[in-house]
Amino acid sequence: MAKKDSGKEPSWKADFPIESKRATHVSRREFAKFLGLLSGAFALSNGFIVIRAMAFPDERLEGEHFVVDADKVPVGEMLQFEIGGEDLIPYILIRLEENKWRAFEQKCTHLTCAVRYREDVNKIECPCHNGWFSADTGEVLQGPPPRPLPQLEVVVREGKVYVREGERENRAV
Amino acid sequence: MSNFRKSQNEAHPNKTNTILTGIILLQILFISMQIWLLFGALNNALEENFGFALTTFIGSLLMAIASIWLLRYLPEPLRKDSKNKPMVSPSRNP
Ligand code: FES
């Protein structure tokens, strides 16, 4: 009887086939493998950005777009308008002075909240996280936005306001 | 079968531990750098910085290859060698 049993596992062991020592060991191995997988996923998503940048280059705004009659916007006021085919991009038109117009994309470069022009301080404010842009150039003055606001060039002809893609550095996309 | 690896493992039971910890730490290091690169690429791709996106991708890919290649050095799991090990006999045979 004793001889017969000596090579065999006790029957309860069959119900719990994993040694605790072995279990912890395997899970760490699996963790390492998971980390490898995660690392690969990060590389992939980085590659995805590259592919996206190659496949869908940002389009320039074609031609001039009529916005509004000039006398409808008083000095120091801001007007919202939209341009675009399939997906409309919101812009703001600001009349800083009698003959000084500015047009910026309305989406904050931080987390795309809608920015607005504040006449009292002559700056553009993003109310979401207290970001401020220059109303003249669109540059970031303060707060979390990482990039200046994309800008459009404004042309006034015969009392009508048009916008078009400018040659400026932070051009609208 | 006894071999070099096995006797090493028996002589230095902590070694497995150290190797695993080292591998995991290295991988965490790689991954944190990848997160950093990805974050930068996301921000810069918005600014049409194609070169940056490509560079971060290459860097990230190298790190992914490294961290997967590290898995080669994962120590073998402790195997239950029922043939070589004397089994504990059940208690009813004192
Ligand atoms: S979304 Fe504009 S500051 Fe955060």
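Student: Is A:F66 buried, partly exposed or exposed?

Tutor: A:F66 counts as partly exposed, at 45% relative accessibility, where buried means under 20% relative accessible area, exposed means over 50% and partly exposed lies in between, using a 1.4 Å probe and protein chains only. Keep in mind that this is a predicted model, in which local features need pLDDT of at least 70 and side-chain atom pairs count only at pLDDT 80 or more, while totals for chains, interfaces and linings use all residues. Residues are numbered from 1 along each chain as its sequence is written, chains are lettered from A and ligands numbered from 1 in the order in which they are written, and side-chain values use heavy atoms, with hydrogens and water left out.

Student: OK, and how many aromatic pairs are there over all chains?

Tutor: A search of the whole structure finds 3, counting rings of Phe, Tyr and Trp (its six-membered ring) whose centres lie within 6.5 Å, with planes under 30 degrees apart called stacked, over 60 edge-to-face and the rest tilted. One of them joins A:F66 and A:Y162, whose ring centres are 5.8 Å apart with planes at 65 degrees, so this pair is edge-to-face.

Student: Where do A:F66 and A:Y162 lie?

Tutor: A:F66 lies in strand β1 of chain A and A:Y162 in strand β10 of chain A, so the pair ties together parts that are 96 residues apart in sequence. A:Y162 is buried, with a relative accessible area of 19%.

Student: What about B:W69 and B:Y73, what sort of pair are they?

Tutor: Their ring centres are 5.4 Å apart and their planes stand at 80 degrees, so this pair is edge-to-face. B:W69 is partly exposed at 48% relative accessibility, and B:Y73 is partly exposed at 41%.

Student: Back to A:Y162: what lies over its face?

Tutor: A:R157 does, at 4.9 Å from the ring centre; a charge sits over a ring if NZ of Lys or CZ of Arg is within 6 Å of the ring centre and within 35 degrees of the ring normal.

Student: Switching to the sheet, what is the strand order?

Tutor: The order is β1-β10-β9-β4-β3-β2 in chain A, an open sheet of 6 strands with antiparallel pairing. Its edge strands are β1 (65–69) and β2 (78–83) of chain A, each pairing on one side only, and the twist averages 30 degrees from one strand to the next. Two strands pair if DSSP finds at least two bridges between them, and the angles, from 0 to 180 degrees, are taken between N-to-C directions of axes fitted to C-alpha atoms, for helices over the stretch in contact.

Student: How many bridges do β9 and β10 of chain A share?

Tutor: Strand β9 (residues 151–157) and strand β10 (residues 160–165) of chain A pair in the antiparallel sense over 6 bridges. Within β10 of chain A, A:V161 is the residue opposite A:V156.

Student: And the chains overall, how many helices and strands does each have?

Tutor: Chain A has 3 helices and 10 strands, whereas chain B has 3 helices and 0 strands; helices (H or I, at least four residues) and strands (E, at least two) are DSSP runs numbered from the N terminus. Buried residues make up 38% of the 173 residues in chain A and 26% of the 94 residues in chain B.
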